[in-house]
Structure formats: structure tokens, C-alpha cells
Amino acid sequence: MLLIALLVPLVTGAAAGAAGWHRWVGWAGVVAAAVVTATGAGLAAQVLHNGPVTGFGILRADALSAFMVIVIGLVSLVANWFGIGYVQAELSHGHTNPAGA
């Protein structure tokens, strides 16, 4: 659970950096943020039932950590979702190009 919350945004960001701006890249960010939010909810449930969660000896999540994963996931979800329309508007008005987006 902890590893998913770390790897999903990392992999999505790397793919977005490699692909450049395309509409699907924006939606991939939305999906990644939704996965992080769902992972945070699952992590919160796990912490509620079993106490702090550890992974790989160096990762640890308690109730505050799980709450913050949910908050960060929700903020990221909203930002990515609205960012798609914002970038499309910037492209259509000629304020930027796909390479600059």
C-alpha cells in the first residue's frame, strides 16, 4: 500500500515527462491522483484496524500520514483535472505550444 502511493505518481510523472503534452497525459495525472487518494483511504482503514503500517523497513505510516496522503491526493486530483482544461485553453489561444505545455 505504501509503495503504491509512492510509485504511481513517480511512474506517471516520468511518462508525462517523456511523452510531452497530450490530452491523455493530463488524464493519466487525474487517474494517478485518484489512485493515490484511494490508496490513502485504504491506508487509513489499515491504520485504523492494525495501527501504524511499515514497509521495507524504512517506510512508516500512522494516522496523520494516511490523512495527509488523502489530502494530497484530493488536491492533486482537483489540480490535475482542472489543469487539462487550462492547458487546452492556453494552447488554443496561442499562449504556449505542446512543447511548452
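Val11 lies in helix H1, which covers residues 2-19. Helices here are DSSP runs of H or I with at least four residues, strands are runs of E with at least two, and both are numbered from the N terminus. At 53% relative accessibility, Val11 counts as exposed. The cut-offs are these: buried is under 20% relative accessible area, exposed is over 50%, and partly exposed lies in between (1.4 Å probe, protein chains only).

The model is predicted: local features need pLDDT of at least 70, side-chain atom pairs count only at pLDDT 80 or more, and totals for chains, interfaces and linings use all residues. Residues are numbered from 1 along each chain as its sequence is written, and side-chain values use heavy atoms, leaving out hydrogens and water.

**Overall form**

The chain has 3 helices and 2 strands. From the N terminus, their order is α-α-β-β-α. The radius of gyration is 16 Å, well over the 13 Å that the globule rule gives for 101 residues, so the chain is more spread out than a compact globule. That radius is taken over C-alpha atoms, and the rule is 2.2 Å times the number of residues to the power 0.38. Along the principal axes, the C-alpha atoms fill a box of roughly 55 × 20 × 15 Å.

**Surface**

Val11 belongs to a nonpolar surface patch with Leu3, Leu6, Leu7, Leu10, Phe56 and Ile58. Together they have about 750 Å² of accessible area. Patch residues have over 30% relative accessible area and no salt bridge; nonpolar side chains (Val, Leu, Ile, Met, Phe, Trp, Tyr) are joined within 5 Å, like charges within 9 Å. The whole chain exposes about 6,300 Å², with 72% from carbon and sulfur atoms. Areas come from the Shrake-Rupley method with a 1.4 Å probe; for residues, only the protein chains shown count as cover.

**Salt bridge**

The structure holds 1 salt bridge. Asp62 forms it with Arg60, and the closest N and O atoms are 3.8 Å apart. The limit is 4 Å, from a side-chain nitrogen of Lys or Arg to a carboxyl oxygen of Asp or Glu.

| Residue | Relative accessible area | Class |
|---|---|---|
| Asp62 | 27% | partly exposed |
| Arg60 | 54% | exposed |

**Interior**

Of the 101 residues, 22% count as buried. The largest nonpolar core has 6 residues: Leu2, Leu43, Val47, Val53, Ala61 and Ala66. A core joins buried Ala, Val, Leu, Ile, Met, Phe, Trp, Tyr and Cys residues through side-chain atoms within 4.5 Å. Leaving aside residues up to four places away in sequence, Val53 touches Leu2, Leu43, Gln46, Val47, Leu59, Arg60 and Ala61. Contact means heavy atoms within 4.5 Å.
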